[in-house]
Protein chains: 2
Amino acid sequence: MNNIVNGSVTSPAGFTAVAVPAGLKKEDQLDLAFVVSERDCACAAVFTTNQVVAAPVIVDRETLAMNNTAVRAIVANAKNANACTGEPGLVNARETQRLTAVALGIRPDQVLLLSTGVIGVQLPMDKIRAGVETAGEILQHKEAKEQREERGREAARAIMTTDTRPKHLAVAVELPGGGLVTIGGMAKGAGMIHPNIATMLAVITTDARIAPDMLQTMLGTAVHHSFNRISVDGDTSTNDTVLLLANGASGTAVADEQSYTLFTEALTFVCTELAKMIVKDGEGATKFVEIQVTGAATDAEAHTIANTIATSPLVKTAFAGSDPNWGRILAAAGRAGIPFDQNQTSLWIGIPSAERLQLVAQGTPTDYQEVDAAHVFAQPEFQVKLQVGMGMGTAVVWTCDLSHEYVSINADYRT
Amino acid sequence: MNNIVNGSVTSPAGFTAVAVPAGLKKEDQLDLAFVVSERDCACAAVFTTNQVVAAPVIVDRETLAMNNTAVRAIVANAKNANACTGEPGLVNARETQRLTAVALGIRPDQVLLLSTGVIGVQLPMDKIRAGVETAGEILQHKEAKEQREERGREAARAIMTTDTRPKHLAVAVELPGGGLVTIGGMAKGAGMIHPNIATMLAVITTDARIAPDMLQTMLGTAVHHSFNRISVDGDTSTNDTVLLLANGASGTAVADEQSYTLFTEALTFVCTELAKMIVKDGEGATKFVEIQVTGAATDAEAHTIANTIATSPLVKTAFAGSDPNWGRILAAAGRAGIPFDQNQTSLWIGIPSAERLQLVAQGTPTDYQEVDAAHVFAQPEFQVKLQVGMGMGTAVVWTCDLSHEYVSINADYRT
């Protein structure tokens, strides 16, 4: 598996993209984008589990129920989520789908929608209409390869909201039969406590040929180990969506077990890298922290404990303040709703280049040196490992710190 | 029921208190306190549900299992929670209990412990020992009534950590037979997201005579409608404790049903006022918001939805920014894990003196004026009411805003 320098959703063969300033953001910033395939795509999707679901999610679900074998395009807009907009919002979403189909000369049921931004405000359809028409016109001109690559990166820029940088990558994978397939991806995230409350959108493209059912299974696996590791289970926004398009343009099919495994690994890698980019670009984030929980009764229980630690404001402010106030980590674990014996817990912290430092052994603080613990917490990236002594369940989640003014109250609590 | 001006735990007959600077906090601030009854007390208690439990909680549970009919004193310290301190922490807690018993000439099993502060650090026992001795000596001198009242307020000051003001009150209640009983209380709270992660301690005293079992039932009811309304169910710190002492010094017993009801109402009032004081003194709080959820299938489901709204950082920053970005309220409700139909939801906001403003009707935004919504969100106290259209379940919780730098990123998201 090889990383493609500056790769994106347009790195796989047969995909192009375009981004335009439709006037949703200020000052001519890119805010509306198409990702388009020249051939029909198999499509897999993972949507928010929120009870309140945005109009584009409703329309995408309906569309994919009718057609998940011949998808041709995605239209994405930033600045307006088209959520909590009632029947008018649904009408606007369907109109956006129809307009895009007309602009690209395809059927409406070949177009999927992504929206992110403010909730409860109707889409400005005049701007959407003009933006879609402009994007369609641009795509009618044949483009050079370099142009196509640049447009993939521009699409990643168009879906940004409070993100400070676009998030995209691509990898090439050689499958057992010698065929080379490419997987590209882009995402937007941000929001202090990540996808659980701020919208997370991701588009993954590949030129491999894969049947829709298999594609859906692969995406489920990849999302479970990536985007769901930066989110509290079930705590998603009204718009969270991951779409995966496979157009087969490479001529290589993923059908046998070995290819399946290799491709799923590569897909998981792409999703994991995008997920980590989202954490690192968390609003105000200055630290990237891996939370590893071991010794839980099940993986799911480990995940719940890890998530509770990863989303605790008091833990996150301690990270920000470089204050190894590890009691907050144990206190967060203890309120996760998972039974364990505090006298069996052990805690380590660490950075990649050095041995882990043990802070707690069997429920009692070790005689570690405060300066050593503070050194770890001062790094831009570090790991926290909690062993709860109940079984073999493990989980890893990624989180960031909670910085700024809230810190001035909480991070200095011990001094 | 009458409020007692400047009342506290020493307002009921037969209770006194003392607070000293034991050197746990800086600059001679009060940090160690006794609440003492001249007679044996029936005692009820509610403790944290965290899996990780501080040493004083373990010792209190053990003590009350042996003796809940002849409790005489509570010793409380700030600045150190004695949590995650293993076996040495338990030894120190028991030693604190023993030292207090010696200082007061009572048995160790008549003393209960409260600790709040940093986790994972052993109690400085030399300071505790000296503080307990000093407090004991002060109590050997007979005190005037005014002194006793002042000492109750000082005890409330001694248990403060990041609290900006002491929290105490007392009420007098006339029972059906003509007997007058008094209920006093003090609490400490703070921590941005309230008792769910910052320690909440409360001591309630009364001179009514009440059997321990009945006292426990009354406290359970009162806590359910007060302290648990500012907390996520089960999300408590390692030290959260509410203690209720009844010494019977008024000579009036609570035994019949009518007295039971009246007393429980008064007790709930005291606990609710203390709970609201905690919210209003939340770290950095500038707004006090009541979240009311109606139309859930059950009260418990309404409570879960209300708590999810009340603890959502995005909702709380919208409060702080006086930005009626109500989509965040619906999005938070939708991720509470409780099924409802977004097309049946309605949302109102309001202040006590005016008619409620409806923002959403049956899932669709109303044509309300933005300036009217902004006016409500600009008030220091307001109400949010969400109807989810599933049944008759209701719940009320109280929360505050999330202010400062986090706001500068999130509160202006729509502008």
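This is a predicted model: local features need pLDDT of at least 70, side-chain atom pairs count only at pLDDT 80 or more; totals for chains, interfaces and linings use all residues.
Two strands count as paired if DSSP finds at least two bridges between them.

**Figure 1. Chain A as a whole, with its helices and strands.**
Chain A contains 11 helices and 15 strands. The C-alpha trace of chain A extends over about 70 × 50 × 35 Å along its principal axes. A compact globule of 415 residues would have a radius of gyration near 22 Å, and the value for chain A is 22 Å, so the two agree. Of the 415 residues in chain A, 60% are buried. Among contacts between residues at least 6 apart in the sequence of chain A, 79% join residues at least 24 apart.

**Figure 2. The two domains of chain A and the contact between them.**
The domain assignment divides chain A into domain 1, residues 2-280, and domain 2, residues 288-410. Taken over C-alpha atoms, the centres of domain 1 and domain 2 of chain A are 34 Å apart. Domain 1 of chain A contributes 10 residues to the contact, and domain 2 of chain A contributes 10 residues. Which classes of residue does domain 1 of chain A present on the side that touches domain 2 of chain A? That side has six nonpolar and four charged residues, and no polar ones.

**Figure 3. The open sheet of six strands in chain A.**
The order of the strands in chain A is β13-β12-β11-β14-β10-β15, and their pairing is mixed. At the edges stand β13 (364-365) and β15 (393-400) of chain A; each has a single partner strand, so one side of each lacks a neighbour in the sheet. In general, strands of a sheet pair through backbone hydrogen bonds, and the pairing is either parallel or antiparallel. Helix α6 of chain A, residues 257-280, lies across β10 and β15 of chain A and runs at about 45° to β15(A).

**Figure 4. Close-up of β14(A) with β10(A) and β11(A).**
Strand β10 (residues 288-296) and strand β14 (residues 381-387) of chain A are joined by seven bridges in the parallel sense. Within this pair, Val293(A) stands opposite Leu386(A) of β14(A). In what sense does strand β11 (residues 346-350) of chain A pair with β14(A)? The pairing of β11(A) with β14(A) is antiparallel, over five bridges. Here Ile349(A) has Val384(A) of β14(A) as its bridge partner.

**Figure 5. Close-up of the hairpin between β11(A) and β12(A).**
Strand β12 (residues 357-361) of chain A pairs with β11(A) in the antiparallel sense, over three bridges. Ile349(A) stands opposite Leu357(A) in β12(A). Ile349(A) also has a bridge partner in β14(A), namely Val384(A).

**Figure 6. Helix α8 of chain A and the residue Ser322(A) that follows.**
Helix α8 of chain A comprises residues 313-320, and eight of its eight residues are buried, so the helix is largely enclosed by the rest of the structure. Among these buried residues are Pro313(A), Leu314(A), Lys316(A) and Phe319(A). Ser322(A), which follows α8(A), has a positive phi, near 50°.

Asn6(A) is located in the loop between β1 (2-3) and β2 (15-20) of chain A. Lys79(B) has 23 other C-beta atoms within 10 Å and is buried, because the cut-off for a buried residue is 20 or more.

**Figure 7. The surroundings of Ile210(B).**
Ile210(B) is part of the loop between β8 (201-206) and α5 (212-224) of chain B. Why does Ile210(B) count as buried? The reason is that Ile210(B) has 27 C-beta neighbours inside 10 Å. Apart from neighbours within four places in sequence, the contacts of Ile210(B) are with Ala42(B), Leu215(B), Ala246(B) and Val254(B). Thr252(B) is 42 residues from Ile210(B) in sequence, with a C-alpha to C-alpha distance of 9.0 Å.

Definitions and conventions
Residues are numbered from 1 along each chain as its sequence is written. Chains are lettered from A and ligands numbered from 1 in the order in which they are written. Domain bounds come from an automatic or database domain assignment. Two residues are in contact if their C-beta atoms, placed from the backbone, lie within 7 Å. Ala, Val, Leu, Ile, Met, Phe, Trp, Tyr, Cys and Pro count as nonpolar, Asp, Glu, Lys and Arg as charged, and the others, Gly among them, as polar. Helices (H or I, at least four residues) and strands (E, at least two) are DSSP runs, numbered from the N terminus. Axes are lines fitted to C-alpha atoms, for helices over the stretch in contact, and angles run from 0 to 180 degrees between N-to-C directions. A residue is buried if 20 or more other C-beta atoms lie within 10 Å of its own, exposed if 12 or fewer, and partly exposed in between; C-beta atoms are placed from the backbone. The radius of gyration is taken over C-alpha atoms; the globule rule is 2.2 Å times the number of residues to the power 0.38.
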